[in-house]
Amino acid sequence: MTVSVEPTEKSAVSAGDQSAAQALRPHAEDAFAAELASLAKQDDRPRPERWRLSPWAVATYLLGGTLPDGTVITPKYVGPRRIVEVAVTTLATDRALLLLGVPGTAKTWVSEHLAAAVSGDSTLLVQGTAGTPEEAIRYGWNYARLLAHGPSRDALVPSPVMRAMSEGMTARVEELTRIPADVQDTLITILSEKTLPIPELGQEVQAVRGFNLIATANDRDRGVNDLSSALRRRFNTVVLPLPESAEAEVDIVSRRVEQIGRSLDLPAAPDGSDEIRRIVTVFRELRGGVTEDGRTKLKSPSGTLSTAEAISVVTSGLALAAHFGDGVLRPSDVAAGILGAVVRDPAADRVIWQEYLEAVVRERDGWKDFYRACREVSV
């Protein structure tokens, strides 16, 4: 017997009556609703069943462009076009998508926007942690009803994955490699047979057309659990790289900082491009182990120094400049943030940072204020 899961309106799981406009971080489908609506209106290409947009329109939503009516679609991902095209095409097949990369390569960001563009709902999410139980992927039970009436459909609590299967939507599993291996393997039957058995009821949920799953993972952080070969075969893996150039990374940081600043009502900085470029340069040099001119070899600290961390440093700096400065992003506003990002191991990383300051930063033209600010917080 096959059991269906009744669709649940997204508004029913919203926190109180808080509107999307008031949310600290709106979901992608809310924050970019106008762009998605414009794309849907002008999208005349074939769409897979239950997709809100065609694969071409989904790729345009992520990569940006200008529509025939003049609507500008802002880029959500800055990187190779082919990566996005492969990811979108994978979702149009019966293969699940695994976004793999080091921390800070926008895996979660891409996952959310793909789900928003394909299904119009990015909230069917399982957050992977060391404590994620099997029920988070399969289903759970309302124990009051279970004890009162025994196993029944009314007592079953569907997981986000079960809902996505029943409704033909896109489910998301974040940080798959943080989930215990035995819980990870719960996905094998779901992804291979497109079926979720419910032995307690003698029933099953069969995925309807439109269902697929996006998982994200990295093998760089501590506390990860390797994927079994059986599970990995169920995914088409797309590796998201770090930005190829400093210019691309500066562009990414600038865009995200502007978006975050608007959501936090931070005053726009008159011109923070110099500090953003400095932060990106520092991070790229330290994680690459060499200065940008290739002349000086460097030791790399234990942290990842990702693009996401650069965004965090700049955002914190803008808040300092807005509330305790003159509104202009200066070296003193970002120095403490950089120190916190670089020095994760107080012993080894502090030595690496001091050597970098004295051998590289101190000698650079136009970096004297930056050097002094970093020295002050490093003492």
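Two rings of Phe, Tyr or Trp (for Trp, the six-membered ring) count as a pair if their centres lie within 6.5 Å. By that rule, this predicted model has 4 aromatic pairs.

**Aromatic pairs**

- A pair of aromatic rings is described by how far apart the centres are and by the angle of the planes.
- Take Y139 and W141: their ring centres are 5.8 Å apart and their planes sit at 85°, an edge-to-face pair.
- Both Y139 and W141 are buried.
- Now for W353 and Y356, which have ring centres 5.9 Å apart and planes at 25°, so this pair is stacked, because planes under 30 degrees apart count that way.
- W353 and Y356 both belong to helix α15, and since they are 3 residues apart there, about one helical turn separates them.
- Are these two residues buried or exposed? W353 is buried, at 1% relative accessible area, and Y356 is buried too, at 2%.

**Helices α15 and α16**

- Helix α15 covers residues 348–359 and helix α16 covers residues 368–378; they pack at about 155°, with axes 11 Å apart.
- That angle makes α15 roughly antiparallel to α16, because anything over 145 degrees counts as such.
- The two helices cross in a left-handed way.
- On the α15 side, R350, W353, Q354, L357 and E358 make the contact, while α16 brings Y371, C374, R375 and S378.
- Sorted by class, this contact has 4 nonpolar, 2 polar and 3 charged residues.

Note on methods: Residues numbered from 1 in each chain as written. Predicted model: local features only at pLDDT ≥ 70, side-chain atom pairs only at ≥ 80, totals over all residues. Heavy atoms only, no water. Axes fitted to C-alpha atoms, helices over the stretch in contact; angles between N-to-C directions. Helix = DSSP H or I, 4+ residues; strand = E, 2+ residues; numbered from the N terminus. Parallel < 35°, antiparallel > 145°, perpendicular 65-115°, else oblique. Left-handed = near helix turned anticlockwise from the far one by under 90°. Contact = heavy atoms within 4.5 Å. Nonpolar A, V, L, I, M, F, W, Y, C, P; charged D, E, K, R; others polar. Phe/Tyr/Trp six-rings, centres within 6.5 Å; stacked < 30°, edge-to-face > 60°. Buried < 20%, exposed > 50% of the residue type's maximum accessible area, 1.4 Å probe, protein only.
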